[in-house]
Amino acid sequence: MSNYYQPEIETASLEQIREWQNERLVKQIRHVWDNVPYYRKKMEEKGVTPDDVKGVDDLKKLPFITKADLRDAYPYGLLGAPLSDCVRIQSTSGTTGKRVVAFYTQNDIDLWEDCCARAIVAVGGTKEDVCQVAYGYGLFTGGAGLNGGSHKVGCLTLPMSSGNTERQLQFMTDLGSTILCCTPSYALYLAESIHEQGLSDQIKLKAGIFGAEAWSEDMRRDIENKLNIKAYDIYGLTEITGPGVAFECEAQSGMHINEDHFIAEIIDPDTCEVLPEGSKGELVFTCITKEGFPMIRYRTRDICVLTREKCSCGRTHIKMSKPMGRSDDMLIVKGVNVFPSQIETVLIQQGYAANYQIVVDRVNHSDTLEVLVEMTPELFSDSLGKITEMEKSLVAELKTMLGIYAKVKLVAPKSIARSEGKAVRVIDKRKI
Ligand SMILES: [Zn+2]
């Protein structure tokens, strides 16, 4: 067993975890106050000083950091260590505004790679394994993080980066890869290529670590069946460190957060009130060991649930559910939280493609929810005389998922307007 299963840390008692968190948080807040003028100003505006923070219970007194702060402070405003002590940057794709540039000291890199190594060990990785890293390398954190983690475990590491499927399959078969790290959609694509090329009996994969995009339990089963492996989730974000902030274990029921490095909170995204464990809300992280880019109460916008219960793997660190959506995507209809991803899950389960449009309106002071669903050409040509039946069945499935009634209208293929190739998912007429 590798050193990177660290039972003294990963199975520590809650009291022990809290002791580490209290001590590290107090030190981190003092450090940030002394070294990050941008955050010190935010603390002063809230009337908080480092003396007010004696442990995790005082976290709620501190101001949040949001994406807007990252933009305002770009590029150096949230730097927590002298630039001369930083050895690397990583950056986000910048699909929603300015890129985030995160700085790492050598110590930050070491701790990040430790977290990724724990994730690899949790899926059964040892120094005997051949770990094929097919996440993108470069500014994106996926490749760099898993690459470092794989080295630490002692796996033979294949730094493939993403794309070039022919080469991926050649190395996978010739070198006998046993662990695959990539996005879930690329894993499915590889699985299909393996079947097409009749390579299934030459594949030695046993596990996959998949993240960096949303994926459902159905997709997990699909990947597991097609590749004959166990598929595990991993979570992270560049602002906090990268992949490995949380990872799945053999139980495959949520991801253990590395609580010796990160404190997680769940808040109500509207009121910012901290919610009790087990509540659904926005995930907030505080980095208690990061030096280069020490985020305090960073609002991830990911909606999920935290649970601390005995896990069959023995780990005691709190588990986060798979993110159920983004707080900026969330709709409130008749007082109920509705995420486009929930509707998408139902459509995929029922054999539809994920081309749909959600229309929310208010009629006689009451919210209405309608889902327009594009049929695939096959469904469309099959649907003659069955449309009402198909719609009724979707209404029932959506009711089970959402808890409220949604009117369903099946529409012809390619009839939902697209902008830049993507369907416009939500039309909220209540705001118009
Ligand atoms: Zn576990």
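Let's start where the two domains touch: five residues of domain 1 are in contact with six residues of domain 2. Here, two residues are in contact if their C-beta atoms, placed from the backbone, lie within 7 Å. On the side of domain 1 that touches domain 2, we find two nonpolar residues, two polar and one charged. For those classes, Ala, Val, Leu, Ile, Met, Phe, Trp, Tyr, Cys and Pro count as nonpolar, Asp, Glu, Lys and Arg as charged, and the others, Gly among them, as polar.

Two quick words on what you are looking at. This is a predicted model, in which local features need pLDDT of at least 70 and side-chain atom pairs count only at pLDDT 80 or more, while totals for chains, interfaces and linings use all residues. Residues are numbered from 1 along each chain as its sequence is written.

So where do the domains run? Domain 1 covers 1-326 and domain 2 covers 331-431, with bounds that come from an automatic or database domain assignment. Their centres, taken over C-alpha atoms, are separated by 33 Å.

Now come with me to the sheet. Four strands form an open, mixed sheet, in the order β19-β18-β17-β22. Helices (H or I, at least four residues) and strands (E, at least two) are DSSP runs, numbered from the N terminus, and two strands pair if DSSP finds at least two bridges between them. At the edges sit β19 (407-411) and β22 (426-428), each pairing on one side only. From one strand to the next, the twist averages 20°. Axes here are lines fitted to C-alpha atoms, for helices over the stretch in contact, and angles run from 0 to 180 degrees between N-to-C directions.

Look next at β17 (residues 356-363) and β18 (residues 366-374), which pair in the antiparallel sense over eight bridges.

In their contact, Q342, I343, T345 and V346 of α10 meet E397, L398, M401 and L402 of α12. By class, that contact has five nonpolar, two polar and one charged residues.

Another helix pair is worth a look. Helix α5 (residues 106-122) and helix α6 (residues 141-153) have axes that come within 7 Å and cross at roughly 70°, which means that α5 is roughly perpendicular to α6. Their contact divides into nine nonpolar, four polar and three charged residues.

Finally, two backbone details. Most residues other than glycine have a negative phi, and most peptide bonds are trans. Y74 and P75, though, are joined by a cis peptide bond with omega about -10°, and P75 is found in the loop between α4 (67-72) and β1 (86-91). C272 has a positive phi, near 65°, and lies in the loop between β10 (262-267) and β11 (280-287).

Notes
Parallel < 35°, antiparallel > 145°, perpendicular 65-115°, else oblique.
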